[in-house]
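Here are a few friendly notes to read alongside the model. Please keep the structure open and find each residue as you go.

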Amino acid sequence: MPDLEQASVASGAPAGGEGRYFMRFTRAQRYMHAVLFTTFLGLAATGLPMRFSQSAWARRFASGVGGFGAIIFFHKLFAVVLTLAFLIHVKDIFQRALVNREKGIFWGSTSMVGNWRDVKDLFGHLRWMVGLGPKPKFERYAYWEKFDYWAVFWA
């Protein structure tokens, strides 16, 4: 079952290794995530040598990959691919919300949009970490997952 991931024992699955299965992300969403982190790492690997081009390490790195011209080419390539992935993702969100009328894209328990429940979960989680309360039960996406998701848009 390549499109499914096993629910953890902590979430109520039987301890014998056989548990419930659920689809968290589609295959296309996983591919887009791979493109996202690959292009991000590529932008970082090419952007840092350009930013610190006077440093000895940056000059050595540049000479190892064909010079600063090659670094600039790959940096622009990664930027274009990341921008296309972003536009495809935004198109997918609006298609799911407006064309497919999928519920919960912008609001609700399955949304990646933060809400007051996430603020409560954050403080409940902090209380649990210091032993002052029970472990909170999170919705499909926890507050830190939403924060990570939106961090891509902020950058």
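1. Start with Asp118: beyond residues up to four places away in sequence, Asp118 touches Val113, Tyr141, Tyr143 and Lys146, where contact means heavy atoms within 4.5 Å. This is a predicted model, in which local features need pLDDT of at least 70, side-chain atom pairs count only at pLDDT 80 or more, and totals for chains, interfaces and linings use all residues. Residues are numbered from 1 along each chain as its sequence is written, and side-chain values use heavy atoms, leaving out hydrogens and water.

2. Is Asp118 buried or exposed? Asp118 is buried, with a relative accessible area of 8% (buried means under 20%, exposed over 50%, partly exposed in between, using a 1.4 Å probe and protein chains only). The Asp118 side chain also reaches the backbone nitrogen of Asn115 at 2.9 Å.

3. Next, look at the largest nonpolar core, whose 6 residues are Ile93, Ala97, Ile105, Met112, Tyr141 and Tyr149. Such a core is a set of buried Ala, Val, Leu, Ile, Met, Phe, Trp, Tyr and Cys residues joined through side-chain atoms within 4.5 Å. Setting aside neighbours within four places in sequence, Ile105 is in contact with Ile93, Arg96, Ala97, Ser111, Met112 and Val113.

4. Finally, the largest pocket has a volume of about 1500 Å³. A pocket is an open set of points on a 1 Å grid over the protein atoms alone, where a 1.4 Å probe fits, with protein on both sides within 12 Å along at least five of seven lines; lining residues have an atom within 4 Å of a point. Of its 43 lining residues, the closest to the centre are His33, Leu36, His89, Tyr149 and Phe153.

Definitions and conventions
Points joined across faces, edges and corners; volume = space filled by probe spheres on them. Polar contact = N/O pair within 3.5 Å; in protein donor to acceptor, adjacent residues only side chain to side chain.
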